[in-house]
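Hello,

Here is the structure for your files, with the sequence alongside. My notes on what was found in it follow below.

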Amino acid sequence: MLANVLNKGLKPLPLPTEPTRELTNAAINVFSNDNSVSAAKKAVEPNLLERVRDYINGRIGNG
């Protein structure tokens, strides 16, 4: 009973249906890279400092 109560939460937000510029650029970088596996890993988990720099420079939004 307690497990059922703890597992109730908000439903996840729906996945976006329109591609974003960031997603498109990540896909291009992954598929054009010689080592696509490491490029995909970097695209999925970007460096925090890179994200902060990109946000400051206006390349990505807050979110």
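From the N terminus on, the elements run α-α-α-α, which comes to 4 helices and 0 strands (helices are DSSP runs of H or I with at least four residues, strands runs of E with at least two, numbered from the N terminus). This is a predicted model, in which local features need pLDDT of at least 70 and side-chain atom pairs count only at pLDDT 80 or more, while totals for chains, interfaces and linings use all residues. Residues are numbered from 1 along each chain as its sequence is written, and side-chain values use heavy atoms, with hydrogens and water left out.

Confidence: the mean pLDDT (the predictor's confidence in each residue, from 0 to 100) is 75, and 79% of the residues reach 70 or more. Helix H1 (residues 2-7) has the lowest mean, 54, and helix H2 (residues 21-32) the highest, 85.

Surface: of the 63 residues, 6% count as buried (under 20% relative accessible area; exposed is over 50%, partly exposed in between, with a 1.4 Å probe and protein chains only). Isoleucine 56, in helix H4 (residues 48-56), is exposed, with a relative accessible area of 63%.

Regards
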